[in-house]
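Subject: Structure handover

Hello,

Here is the structure, as promised. My notes on it follow below.

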Amino acid sequence: MTHSFHIPVMGLAYTIDTPLRVASKGIDSVVSIVDDDLAEKMRAFFCKKHKLPYTSISAKSIDHRAKRITEYLNVLDCLVKQKFQNFVEELEVNKKELDQFIRMLPPKSIILEKIKRLSSDNFLQQSAKIITEHLSPGAIDVNIMTKVDKTNFRNKVALDTIYNDAHASLRGFAESTLTSTLILSAGMNPSLYSYIGTFKDFLPDAESKLKKKVGLKVSDFRSAMIQGSFLAKKGVWVSEYRIESGLNCGGHAFATDGLLLGPIMNEFKQRRKELEENVHALLTKALEEKGCFVPTSPMPTRITVQGGVGTNDEHNFLLEHYDADAVGWGSPFLLVPEATATDKETRGLLANAVEGDLYRSELSPLGVPFNTLRGSSNESFKQQRIDKQKAGSSCPKKFLALSKELGEEGICTASRKYQEIKLKELEASTAEYSPEAIQAKRDSITVKSCLCVGLANPAYMEKEMEIKGEKQGVVICPGPNLAYFDKEISLNEMVRHIYGYTNVLRKGSRPHMFIKELHLYADFLVDDIRNNLVGLNRAKVKRWNSFKSNLLEGISYYENLFCNETTFFSDQKETILEVLKAYKSNVSDIIVPELN
C-alpha cells in the first residue's frame, strides 16, 4: 500500500470520478453508487471522451439500475488501469513527472527509501522500475448508504426486494469487474446484508482471498461488533471497519450518544483481536453450513478512521497511537480540482468559508442532521420557490421517497407534493398556534432540499453537461474542518500537507480535531435538550444523562491522554488541557431536565 490515507465518498458527484483522477498515483478513493442516472451519464461522457463503445441502458429495463452501475464501474476500472500504465511509462522518460510523484510519497515509503539509495546512472529508468515493482493503482472502492433502499413499483405493484435501490446498487457492484471494497454506511440493513452473502465474489476462495470485500462505516465498537457478527452469520467477512466521527464529518451526521472519537479509537485498539476472533468463529460456522471454503484463521482486517483530520501530527497520531491502518481525508479534497468534481462557483464558496458558514442543518429528507455550507446555489433556488409559494422540489429521481406517510409507494419530504400537503394542513390549524410557532413549523417543512439532484449537479456543471428539469443548484456537504483551508490546492500540495512536507492551512488558530469534535458534541446536547422539551419522557432524560456522562468520561480520557500517554502535540499540550478543563465545567453545568 503506497499511501496511508484515502479519500472517502463525498456526496453523489464530488467523488464520482475521483479514482480516474488519483488512482494512478496509488491513492484509494470511494465512489457513490446511489445514483444510477448519474452513473449512466458519466459513462456516456467518458466513453465519448476516450472513444470507447457505448450503448445506453434505458430506465424502462426492470434491472436498469444494477446494469448501469455495473457498466459505469467497468468503464472506470478499464480507464484507471489504462491511465496507471500510461503514468508508469511516463515516469521512465519524464523527470519532472517523476520528481513530482516522489515528492508526494510518505516519508516511510518503501519506494522512497529505495529510490534514495539509487545512483545517478540511469536514474529515471531505475526509479521507474522500483515504482513499477511496488506501486499499484489506488482502489476504486464504492459506497452504498444502506438507508437509501426504496421499494420500486411497476404498475403500482411492488417489485421483488432485489430491485430495491440499495439491493440493485449492490448487484451492480457485485457483477462488475472491480476487485475492491464495498463501504456500507448509515447503519444496518438486514435484508441488504443477507443479500451480500448470495454473491460468490464476497466469499473466500481456496487461498482465503476475497475478490470483493466489505467495509463498514461505524460510529463505535458496539456497532462494529453487531454488524460484523450479523454479516459473518451470512458468510461475509468485514475486511475494514471505517470509524467516522459522528459530528465532525461531511454530509449526514450520525451522532453517537456522546461517545467521542478518541475513546472510541482506544476501544478498537484494545479489543481489535476480540472483534476479529468473535467474528471469525461465526464466519466459520456459516461457511461450513454453506459448503464453502473455510479459512483456518481470521482474514485481514483494517481499522481506519476519518472525520476532522487536518494536520500531519493528527494523521500520524491516529496511525501510531491507535494502530490505525489508514486515515480518511475528505472535505479538504473538495478544494483540490485534480481530485474532486464541482463547479468553480462552488469551489470558490468552499475556499472562502469560515467557521460560521459551516453548520449542521435539517435539510436532509432522511431526517438526519446534515453538515453543509451557507450561501449555496441550492439554498438560493429553494428560497426563490418558497417566495413564489411553490415550495419543494419536482422530485425527478425519488431516491429518498422513503416516507410512507402518504402511501405505500413512498414520498420524499423535500418534494413539492409533500410540502404542499403539509403546508395546507398547517394553514388549517393556524388558530392553534402563535404566529412564531406557525412560522417555525412552516420552516421545518420547507427546509428540506432535493439532495438527489443537488448532490449530483456538481459533476454535470464541472463538465458543462446539460442539466434538464427544475433548477436545483448545488448542495454542498463539507465538514466543519473545511473552515481551516482557504484556497484551491493542487493534488501534490494536498498530499504533501498530509505527510508534513508543507502546510496549506488557513493562517490563524485551528483547534485540535478532538477539541473541535468535543465542541460540536457539547453544542449538540444543548440544542437537543432545548428543542425536545415538549413531550418530555423517561427515555429522553435517560438518553441525555447518558450523553452528558459519556462526554465527561471522554474529557477525562483526553486529560489523561495528553498528560500521560502521548508525546504528540507537545506544543499544544498546555492549551489543550486548559480547553478541556473549561469544557469539563461547561458540560457539568448542562442541566438535564427531570420528570415531575
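Two strands pair if DSSP finds at least two bridges between them. Helices (H or I, at least four residues) and strands (E, at least two) are DSSP runs, numbered from the N terminus. The model is predicted, so local features need pLDDT of at least 70 and side-chain atom pairs count only at pLDDT 80 or more, while totals for chains, interfaces and linings use all residues. Residues are numbered from 1 along each chain as its sequence is written, and side-chain values use heavy atoms, with hydrogens and water left out.

The barrel

Eight strands close into a barrel with parallel pairing, in the order β1-β2-β3-β6-β7-β8-β10-β11. Direction ignored, neighbouring strands of this sheet are turned by 30° against each other on average. Axes here are lines fitted to C-alpha atoms, for helices over the stretch in contact, and angles run from 0 to 180 degrees between N-to-C directions.

β1 and strand β11 (residues 326–328) run parallel and are joined by two bridges. In β11, G328 stands opposite H6. Helix α11 packs on the sheet and touches β1, β10 (302–306) and β11; the direction of α11 makes about 140° with that of β11. Contact means heavy atoms within 4.5 Å.

On the β2 side, β1 pairs with β2 in the parallel sense over two bridges, and the bridge partner of H6 in β2 is D28. β2 also pairs with strand β3 (residues 140–145), again in the parallel sense, over four bridges. There V30 stands opposite D141 of β3.

Is strand β2 (residues 28–32) mostly covered or mostly uncovered? Five of its five residues are buried, and the strand is mostly covered. Buried means under 20% relative accessible area, exposed over 50%, and partly exposed in between (1.4 Å probe, protein chains only). In a regular strand the side chains alternate between the two faces of the sheet. In β2, D28, V30 and S32 point one way and S29 and V31 the other way, and all are buried.

Strand β8 (residues 238–244) has seven of seven residues buried, so β8 is largely enclosed by the rest of the structure. Its parallel pairing with strand β7 (residues 213–218) runs over five bridges, and Y241 of β8 is the bridge partner of L216.

The buried ones are L491, N492, M494, V495, R496, H497 and I498. They pack against β1 (5–7), α1 (18–22), α4 and α11 (312–321). After α18 comes G500, which has a positive phi near 85°.

N316 is found in α11 and is partly exposed, with a relative accessible area of 22%. Not counting residues up to four places away in sequence, N316 touches H321 and F568. Between N316 and E574 there are 258 residues in sequence and 20 Å in space, C-alpha to C-alpha.

Helix packing

With helix α7 (residues 165–174), the axes come within 7 Å and cross at roughly 35°. The crossing is right-handed; a crossing is left-handed if the near helix is turned anticlockwise from the far one by less than a right angle, and right-handed if clockwise. R65, A66, I69, T70 and L73 of α3 meet D165, A168, S169, R171, G172 and F173 of α7. By class these residues are five nonpolar, three polar and three charged. Ala, Val, Leu, Ile, Met, Phe, Trp, Tyr, Cys and Pro count as nonpolar, Asp, Glu, Lys and Arg as charged, and the others, Gly among them, as polar.

With helix α4 (residues 95–103), the axes of α3 come within 8 Å and cross at roughly 110°. α3 and α4 are therefore roughly perpendicular to each other. Angles under 35 degrees count as roughly parallel, over 145 as roughly antiparallel, 65 to 115 as roughly perpendicular and the rest as oblique. F87, E90 and L91 of α3 and E97, L98 and F101 of α4 make the contact, with four nonpolar, no polar and two charged residues.

Helix α19 (residues 513–531) and helix α21 (residues 573–588) pack at an angle of about 10°, with axes 11 Å apart. α19 and α21 are therefore roughly parallel to each other, and their crossing is left-handed.

Regards
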